[in-house]
Amino acid sequence: MDKLLGERYKLGEMIGTGGMADVYIAQDQRLSREVAIKILRSDLARDPSFVARFRKEALAAAGLNHPGIVAVYDSGEEPAPYIVMELVSGYTLRELIHSGEHLPLERALEIAEGILSALEYSHERGIVHRDIKPANVMITDQGDVKVMDFGIARALDDIGATLTSTWNVVGTAQYLSPEQAMGETADYRSDLYSLGCLLYELLTGRPPFSGDTPVSIAFQHVSGAIIPPRQVAPELPEGLNIALLVSLAKKPEDRYQSASAMLADIRKLRAGQSVSTKVARKPINKKRVLALMMSVLLVAGGISYSVLTSGTVASSSLIEIPNVVGLNQIDATNLLADFTVTILRSHDARIPKDRVASQNPLATSKAKKGTGVVLTLSDGPGDAIVPDNLVGQLLIDARAALTAAGLVVSRTEAVTSDKPQGTVLKVTPSEGTTLVAGGGVLLQIASGDIEVPLVLGVDEISARNILTQAGFLITQLEAYDPSQDLGIVLAQTPDAAITATIGSSITITVNRQQ
């Protein structure tokens, strides 16, 4: 890609994509440095009120100068709204969670402390994030924590995005505060609730609430009883159990009242001290719960009265429905022996195959013995379709399209052709084929010899970006040289300036302590 934004930023490879925006590496030609540029979705770019709000909030976010916040350098609106950010070498907490890696308690608390430090700083300056979730938390190659997307979350919140119309933009349902689920104003305590959801998942391996639709999860945030983290992970200290339950209180007034207060407790826990915070024990008004659930439906644009208008039954004849989300079918039906169970199946990227992804009615609801309970079992991550019109595109554009579709380039094969160098000639499997999400595609591309870039002495992430953008595949080896910085490229084969066939593999040796 050879496009210049703001007569200054030369766009390179797309390094990330999502429901809200695409992210590219770019070269700031004025300051001779690499940056990350996030370009907003076209439908958002067509909303004048959003563009105006986005401009204002991007400038506000640019005023945040904190080591735990990804810096915002600049913004613009042509050809679509974009922000220019610090390029962080590392990975998101979302990637870490999806990898299945189990974090030690100390490391999870260290990450929470880093996020809270950033929130403490932003809250003191009047900026509420509103979209704290794993995808918005970066872990750098040095292990530091950086929170991103402050301005975008605020701008989106203020244009009245709803659960249905822009769910992927507003945030992931698993980390949404009850007040956000009901369309109410989010404040700094909303950020603390979302952080509580994130930390709960880091420590227990599962989010506090799950379901097959955003609305079903939103219901649980508003009225569902949370399973105490120690019931899921008994090894957790009681003080941490209390801290999480306080941060996840339904009512904002029952939570920590500031990031500083929660940060103080996290630091106590890291030091092996007890916390003085208490969990509020306030009864929930049943008529209020019904009103809140109706609010969730209205915010989502849905109409569903079956849960809310199911005739009045004497409370003495009702029994509580247990929470079976995450269990296999046998264990779940055993726990639901007093009810009539119906099994459905649906794809769910976050719940392992053949485990319960959601239940209806929700856990802790009360119903008569024999009442029907619908369980939805996960069929795994689901499918992805090989995009159309890949043939004829340049390799870098085809790779971006595949990434957006949930697929990867598994291999490239260079062949002689009269087409421009790097042009995609054939796709295997063919366009329109359905694959398991995350699967790989073979691209046959027009061959040609190009000069191998110099990546010696460059950090691993930058080296990979340079080589990928040039059209090469990468083979990585590791060695250790105590005289060199960790993570940099010690050697490359072929050498720089030698010509090699586009799509061929370049071997880099990265400095790693053995």
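Let's start at I115, which touches L93, V137, V145, V147, L195 and L198, leaving aside residues up to four places away in sequence; a contact here means heavy atoms within 4.5 Å. This is a predicted model, in which local features need pLDDT of at least 70 and side-chain atom pairs count only at pLDDT 80 or more, while totals for chains, interfaces and linings use all residues. Residues are numbered from 1 along each chain as its sequence is written, and side-chain values use heavy atoms, without hydrogens and water.

I115 and L202 have the most contacts inside the largest nonpolar core, a group of 44 residues. Such a core is a set of buried Ala, Val, Leu, Ile, Met, Phe, Trp, Tyr and Cys residues joined through side-chain atoms within 4.5 Å, where buried means under 20% relative accessible area with a 1.4 Å probe, protein chains only. Elements that each supply at least two residues of this core include α3 (93–98), β8 (137–140) and β9 (145–147), and α4 gives the most, with 9 residues. Helices (H or I, at least four residues) and strands (E, at least two) are DSSP runs, numbered from the N terminus. A second, separate core has 27 residues, among them V409, V441, I502 and V510. In soluble globular proteins, nonpolar side chains tend to be buried together.

Now look at helix α11 (residues 238–247). Because 9 of its 10 residues are buried, α11 is largely enclosed by the rest of the structure. Its buried residues include L240, I242 and L244, and also N241 and S247. The cover over them includes α4 (105–124), α8 (188–204), α10 (229–232) and α12 (259–270).

β22 and β24 (residues 505–511) pair in the antiparallel sense over 4 bridges, and the bridge partner of A491 in β24 is T509.

Stepping back, the protein chain holds 16 helices and 24 strands, and 47% of its 514 residues count as buried.

Methods
Buried < 20%, exposed > 50% of the residue type's maximum accessible area, 1.4 Å probe, protein only. Pairing = 2+ DSSP bridges.
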